[in-house]
Every structure is written in structure tokens, then in C-alpha cells.
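Here is a short tour for someone meeting this structure for the first time. Have the viewer open and follow along as we go.

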Number of protein chains: 2
Amino acid sequence: MSIAIIYPNRDVSAWVAALKAHDPTLTVEVWPEISDPGRVEYVLCWNHPEGVLQDFPHLKCISSLGAGVNHLLNDATCPPDIPLVRLVDTGLKQSMAEYVMLGILEHLRRVPEYRLQQQRGEWIPQPVPPISTVGVGLMGCGEIGRYVADKLTAFGFTVHGWSRRPQQVLGVNMFAGQDRLGAFLANADILVCLLPLTAETHGILNAKTFRRLPRRAYLINAARGAHLVDADLLAAVDSGHLSGALLDVFREEPLPKEHPFWAHARITITPHIASVTNPRSAALQVVENYHRAVQGQRLSNRVDRLQGY
Amino acid sequence: MSIAIIYPNRDVSAWVAALKAHDPTLTVEVWPEISDPGRVEYVLCWNHPEGVLQDFPHLKCISSLGAGVNHLLNDATCPPDIPLVRLVDTGLKQSMAEYVMLGILEHLRRVPEYRLQQQRGEWIPQPVPPISTVGVGLMGCGEIGRYVADKLTAFGFTVHGWSRRPQQVLGVNMFAGQDRLGAFLANADILVCLLPLTAETHGILNAKTFRRLPRRAYLINAARGAHLVDADLLAAVDSGHLSGALLDVFREEPLPKEHPFWAHARITITPHIASVTNPRSAALQVVENYHRAVQGQRLSNRVDRLQGY
């Protein structure tokens, strides 16, 4: 009985070590070096090649190596009857909170201007807006979104949240559903997208959405590249309606060399590093879910294939 | 009876408006346009010309326009018997917390590398250290330092504090006095200076201090320029012992054009914008202290001239 890690072309030795630290009796193998596919009961995967999940006849659970599961849902060869789970660990939530906090503060505190000034040898203090006057709009209030909201409100930001279904989030001014999207957006001086990627949210960061934001709003997308209509963002920034954007995710990754985001002065890009799963903090839930799967118990962080997350 | 604002070459109309919003009966004049110096009871000043404070025979209180008071203590012509006060407002503390949080996250999340990568069209994810493994060392645990420490610990950082005299700060691992400076520094992967500038702290950010930091430590100085020995920082960064620095304050401001900090690849400078007093949030304490001064009551945020803060 074994766990297989499928993460092509990546060094996963930290994962193997972290899993064995929690349970030294585990057999952990790294694809494609699988000694006996018939013994694999649990697969931990990211960017797996299509079809590979059919190689394991006794699979009891498939786990994403991150919070996202689109790579699994989009694979038509993914066995439909095997439960899917995803990782929700504090390291991942914290890493996202750091990225969002950093992006917001860089924008508010005029970091790009100061970098240019330093290059030019200019000393020009810029005004600082009081944090109480800045509305942060958070799209997506799941496990990660609520954690990020909590860190932002503790720091002093006014946070407005938008989710598909009504929910209460402590300290957050919540809006739910398509009907309330416009009212939500009108408050978002800084719009942060942390949504899962579903049929409903695909392309949600588009020209219509941008028009409903306050003038000079700023966008941070740390969810999935397909949430964003790239051309609509370029038009909104170039027209001056949006002041800029920070993007961590793209429709094609790595972002193709010729893409206009690379050289745009008001668009900052990072190579999908916002929310990084840390094997040391995430391994425990994998080990626990492995034992639950083998024993037929209820799994944690189970994915609803219809909802898409 | 009036308040005089002395802030050469700056537009202080927001200050005048904010003071009058709290008390419309106030007379507020802006130096050098003072109709009758004999009627001035309260001076609010920053970067005042030496000697000017002697022009007001009926002064009851001198207030700094910020948290720092060195401009007053260093002016030998500042009337010795008039009480000094400084501003301690939430806007100022919050502004400092934002700057420190931003500086720490930019360093941890490798912002300078990603900016270079974007310029070069490179997509290279860098490892992210878990926040729990990063020690932030905070020099100076007064009003501002304690507020910053509180925001950092709430966000997840492990904070070590150093102060002149022993004190307890919730959630912070405190060290006090010269004897414990070495033990404090050994924990500071990121050293943040928020000290008042006194005879004891002048030049405290020097080669000896840097040697006691962990290898590849990072420095953030948002206190006063004279805390830092510039040449020692350059040597420590160039040797690779320190990984870099973020500096907001300098011995001479604006930083002279020929200073090596401007062009150093691993030193980031900002034009003294870390902690900005916001007239809207700070005006109330000025109005309250004005009335206390006129009525001979105990002043808030009084400066001890011997201690230097």
C-alpha cells in the first residue's frame, strides 16, 4: 500500500521527507518511478499528465498538492468515482495573506513611484491615504479568503467581501450573488480575487466588472489566470480607469514571452508564488487523509466536483 | 491668544483646517505671517529656523509636528523652561506599521528579484520561508514600537523587542539594556529600528551591531538617520553579511545626490515617508494640549529633555 506523488519535473524530496516524518511506516513513491501501480491507494498530484490517474486500479483518493483542483476537474480521464481532496493548510493561507498584504501596501504606499525616484535620484514625498479611507474588496470568502480577510481587518483595513452564497464573516461587510456584485465593486478601491475557478467565475474580471469599480481602483489577482480577461485589463489600465494591477496567475504559465503584461509599466507580475504549499505544514493533513481513505472514513477538504471546489 | 504653525516651505492648510474643525474659536497663524508674536501661546513646529522660538514671549508650550523632537532638542535657542510635547497619533503609528510590514514582506517575498525578473522576461519562482521561521527584531518599544509589534505578531511574525529599560510587551520576546543587546540581535533576521535618537542610540546601527546579527540579516531603519553609520552599512552589505536594507531616514535630508545609497542595488530608500502625521487624526490632541497648556493643566505626550524623548 503506498502514496504516489505526481509532480512532473519538480524536486519533491521535501514532500517525501515531510510525509515520512509524520508516519515513518508509509511507503511514498515519486512518479514515474512507481514499483507497483496496483499498490498505490493515494495520489498527491499537481500538473499531472492526462491519463496517468487511470494507471492505478486500487486508488482510494486523489489529492491536489495545492488549494486549486482545476487540473483534476479539467482532466476528462480523471476517474469519476474516486474522491478528490485538496490541501487547506495554514502555511498556504498565511502565504496568501502575505502576498495580498504586500500587494495592497505596495500600491497604497507608492512603492513603484519610489523605485523610479530612487533610480532617478529624486526625493519627492508622496501623500499617504489613511488606511481607514481605503476599501478592500475581496472576491471569494472560502477558507483562504476568510483567513486573508481576518489578517486585513486586524491590520486596520475596511474589507468588503463577495461570495456566491450569503455568509457571515466577522468584521467583513459581506455581499452575495450576482445581484449584489455591483454594490460590492463600488466599494473596492482595491479588488482582490481569491475565487475558485468555476463556470460562473471564468472571465469574471472583465470590462463590465472594471467599469463598476471606483475610478483609479487597483486589481490583485492571486486566484487563477482564467478569471481575468487580459485584454479588458489592459484597456482599463491604459484608459486610466484602473491605476494598475498585480497578477500572480495567468491563462498560460509560464506567461508567454510576447505577452504585453511583461513590459507594462503599471502591471506587476509574479510567477505564481502567492500561495505556496509548505510540505512541513501541509504533510500532516495528507497523512491523516491517507489513513481516513484507507479506512473508509470521512475525508477532510473534500472537493464537490459539481461546484468545482 | 493663538497657535502658530512653523513648518517652512510647506503647505499647512490641511493642519489649519483640521485644527479649526475641532475648535472653530481658535486663532491659527502660519509662520512667518504672525500678526502679533506676543499673542502666540502654542507653537506647532517642524524644521523651524534656529532662534525663531525666542520671538514669542508668552509661549506656554512647544509641540513637535511629529513623533520626533530632535529638531527642538538640538536647537540651543529653544526656550529651556517651556514644556515640549510631541504627537503620538494612531495615524502616525498605523503609518509606521504599514511601512514596516511592507518592508518586511518585500524582503521575505523577494520583491526586488521578481521586479528584475519581470524586466528580463524571466519566470523563476523563488522559495518562500515560512513566516514562523523568521525572527523580527524591533529596536525601540515606545508608543510606536509597541503598536508595530502588535500588528506584526497578529500577522504571524515572531517578534523580539529591545528597549533601554525592562518592560513587558504582550506577545513579544523582550530584551533590555546594553547587556542583552547581543542576545537580542542574534534573533533578528530582520532588524527594525524605531528608536528615539539620544546620546546612547546615536550610531547604534554600526559594524559591531551588524556583526552580531544572523548572516544575511536585513535592516529597516525608519527612526532617524543618525542611528546609522552609513559606511558600516555599506561594508556589511557589500561583504554579504547583510542581505540589504530599507532606509527611510538619513543624516542629511534630502539625501545628497552623490550619496552611495542612491545607486546601491541592495539598498532601498524612501524619502522620509514611513510615518506620516495625518492632520485629520492628529489635530484633536493638538487642540486638547493647547487648552491644557493655556489652563495650566498636565500635558499629554510631554517630552523629557534629559531622556531625549
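## A lysine that reaches across

The side chain of B:Lys151 comes within 2.8 Å of the backbone oxygen of A:Ala154. Keep in mind throughout that this is a predicted model. To find the lysine, look in helix α5 of chain B, which covers residues 143-155.

What surrounds B:Lys151, once its neighbours within four places in sequence are left aside? From chain A there are A:Ala154, A:Phe155 and A:Gly156, and from chain B there are B:Gln94, B:Ala97 and B:Met101, each in contact with B:Lys151.

Is B:Lys151 buried or exposed? B:Lys151 is buried, and yet there is no salt bridge for it. The nearest side chain of opposite charge belongs to B:Asp150, at 5.3 Å.

## Salt bridges

Side chains of opposite charge can pair when their charged atoms come close. Over all chains, the count of salt bridges comes to 16. Here are some of them, with the N to O distance for each.

| Pair | N to O distance |
|---|---|
| B:Arg109 and A:Glu98 | 3.1 Å |
| A:Arg110 and A:Glu113 | 3.1 Å |
| B:Glu41 and B:Lys60 | 2.9 Å |

Start with B:Arg109 and A:Glu98, whose side chains meet in a salt bridge. Why does this pair join two chains? B:Arg109 sits in the loop between α3 (90-108) and α4 (111-120) of chain B, while A:Glu98 belongs to helix α3 (residues 90-108) of chain A, so the link goes from one chain to the other. Both B:Arg109 and A:Glu98 are buried.

Next come A:Arg110 and A:Glu113, another salt-bridged pair. A:Arg110 is partly exposed, with 25% relative accessibility. A:Glu113 is partly exposed too, and its relative accessible area is 31%.

Then there is the salt bridge between B:Glu41 and B:Lys60. B:Glu41 is part of strand β3 (residues 40-45) of chain B and B:Lys60 is in the loop between β3 and β4 (61-64) of chain B, so the bridge ties together parts that are 19 residues apart in sequence. B:Glu41 is buried, at 5% relative accessible area, whereas B:Lys60 is partly exposed, at 33%.

## A strand covered on both faces

Now move to strand β4 of chain A, residues 61-64.

Strand β3 (residues 40-45) of chain A runs parallel to β4(A), and four bridges join them. Look for A:Cys45, which stands opposite A:Ser64 of β4(A). Strand β5 (residues 84-85) of chain A is also parallel to β4(A), joined by two bridges. There, A:Ser63 stands opposite A:Val85 of β5(A).

## Two domains in chain A

How is chain A divided? The domain assignment gives domain 1 as 2-89 + 277-294 and domain 2 as 90-269. Taken over C-alpha atoms, the centres of these two domains of chain A are 32 Å apart. Where they meet, 10 residues of domain 1 are in contact with eight residues of domain 2.

Most residues other than glycine have a negative phi, and most peptide bonds are trans. A few spots here go the other way.

The peptide bond joining B:Trp31 and B:Pro32 is cis, with omega about 10 degrees. B:Pro32 is in the loop between β2 (28-30) and β3 of chain B. Another cis peptide bond goes from B:Glu253 to B:Pro254, with omega near -10 degrees. You'll find B:Pro254 in the loop between β11 (242-247) and β12 (267-269) of chain B.

For positive phi values, check A:His272, where phi is near 55 degrees. A:His272 lies in the loop between β12 (267-269) and α9 (279-294) of chain A, and is partly exposed at 26% relative accessibility. B:Arg110 has a positive phi as well, near 60 degrees. B:Arg110 is in the loop between α3 and α4 of chain B, and is partly exposed with a relative accessible area of 24%.

Methods:
Residues are numbered from 1 along each chain as its sequence is written. Chains are lettered from A and ligands numbered from 1 in the order in which they are written. This is a predicted model: local features need pLDDT of at least 70, side-chain atom pairs count only at pLDDT 80 or more; totals for chains, interfaces and linings use all residues. Side-chain values use heavy atoms; hydrogens and water are left out. Buried means under 20% relative accessible area, exposed over 50%, partly exposed in between (1.4 Å probe, protein chains only). Lys and Arg count as positive and Asp and Glu as negative; His and the chain ends are not counted. A salt bridge is a side-chain nitrogen of Lys or Arg within 4 Å of a carboxyl oxygen of Asp or Glu. A polar contact is a pair of N or O atoms within 3.5 Å; within protein, one must be able to donate a hydrogen and the other to accept it, and residues adjacent in sequence count only if both atoms are side-chain atoms. Contact means heavy atoms within 4.5 Å. Two strands pair if DSSP finds at least two bridges between them. Domain bounds come from an automatic or database domain assignment.
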